[in-house]
Amino acid sequence: QTMKKITALVLAALLGAPLALAQTKDRSYDEFHGHWFIGIQGGIGQTVGETSFGNLISPAAAFSFGYQFTPVWGLRAGLSGWQAKGAAVAARTHVYKCYDLQGNVDGLVDLSGISGYIMSRAVNPYIFAGVGVNGAFNNGEAQDLGPYLPKDNLLWDGSRVFPVGRFGAGMGVRLTDAVHFNIEVNGNFLSDRFNSKKGSAVDWQLGALAGFTFKIALKQEK
């Protein structure tokens, strides 16, 4: 009698296992719905120059909006910038600044979405790459330091527009289904003329930002 009960329990477990696994699988991933999002960020920028790293740190901010097409792929357009710095090294280091505003379009890859979409996932790492246009202006401080710059400098006056290539990585931390806190680092490469000095190749503007992403009209799972 005891053996029959054990056999019945084992059979029930074996027969019930596939159903339990199926139910677990159904609960593991949510149905994905495409949605719009907006983002706001603030942080710092660092122009790569001929002085110690950190001397050319400046404030930075960004605003973006976009659409998440699949759990993995998204597209965003954004505005970013604020201030950029350069340095002229003579008897001492002379730091100068200008201001810039950059428009860009980025393709986004949500790395966590590769394994499947889970709306309540706590952390979502992502990478991105894109192109843009940078408009720089108010370069008077570099003009004033012209005598300290090399004779073959690329000093510019007024305003300039530069094409930009960019890439970076970030991580979103879920606060609610519709609101994520994020941190992001990015690298932007521009014309050698950007920092008013002739270099060996392109100029780099690095960024470290933090902010919030708001998902708009997000369809909630029931």
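Author: S196 sits in the loop between β7 and β8. The strands here are DSSP runs of E with at least two residues, and helices are runs of H or I with at least four, both numbered from the N terminus. S196 has a positive phi near 65° although it is a residue other than glycine. With 0% relative accessibility, S196 counts as buried (under 20% relative accessible area with a 1.4 Å probe and protein chains only; exposed is over 50%, partly exposed in between). A positive phi also turns up at N138, again not a glycine, with a value of about 55°. N138 belongs to the loop between β5 and α2.

Please keep in mind that this is a predicted model, in which local features need pLDDT of at least 70 and side-chain atom pairs count only at pLDDT 80 or more, while totals for chains, interfaces and linings use all residues. Residues are numbered from 1 along each chain as its sequence is written, and side-chain values use heavy atoms, with hydrogens and water left out.

Let's step back for the overall layout. The protein has two helices and eight strands, and from the N terminus on the order is α-β-β-β-β-β-α-β-β-β. Of its 222 residues, 38% are buried.

Three cavities of 30 Å³ or more are present; on a 1 Å grid over the protein atoms alone, a cavity is a set of points where a 1.4 Å probe fits but cannot get out, and a lining residue has an atom within 4 Å of a point. A volume is the space filled by probe spheres set on those points, which are joined across faces, edges and corners.

The largest cavity comes to about 510 Å³. Its lining is made of 27 residues, and those nearest the centre are Q68, D110, Y126, T213 and K215. Two or more lining residues come from each of β1 (35-47), β2 (57-68), β4 (93-110), β5 (123-137), β7 (179-190) and β8 (203-216). The biggest contributor to this lining is β1, with four residues. By class, the lining of the largest cavity holds nine nonpolar, 14 polar and four charged residues; Ala, Val, Leu, Ile, Met, Phe, Trp, Tyr, Cys and Pro count as nonpolar, Asp, Glu, Lys and Arg as charged, and the others, Gly among them, as polar.

Next comes the second largest cavity, at about 310 Å³. Here 32 residues make up the lining, with S80, G81, R166, N186 and L209 closest to the centre. The elements that supply two or more of these lining residues are β1, β2, β3 (73-89), β4, β7 and β8. Of these, β3 gives the largest share, eight residues. The lining of the second largest cavity has 13 nonpolar, 14 polar and five charged residues.

R166 and D106 form a salt bridge, with their closest N and O atoms 3.0 Å apart (a salt bridge is a side-chain nitrogen of Lys or Arg within 4 Å of a carboxyl oxygen of Asp or Glu). Because R166 lies in strand β6 and D106 in strand β4, this pair ties together parts that are 60 residues apart in sequence. R166 and D106 are both buried. They also belong to a network of salt bridges that links R76, D106, R166 and E184.

By this rule, the count for the protein is five salt bridges. One of them joins the side chains of E141 and K97, at 2.8 Å from N to O. E141 is in helix α2 (residues 140-144) and K97 in strand β4, so this pair connects parts that are 44 residues apart in sequence. E141 counts as partly exposed, at 31% relative accessibility, and K97 is partly exposed too, with a relative accessible area of 24%.

Another salt bridge brings together the side chains of D177 and R174, at 2.7 Å from N to O.

Notes: On a 1 Å grid over the protein atoms alone, a cavity is a set of points where a 1.4 Å probe fits but cannot get out, and a pocket is an open set with protein on both sides within 12 Å along at least five of seven lines; lining residues have an atom within 4 Å of a point.
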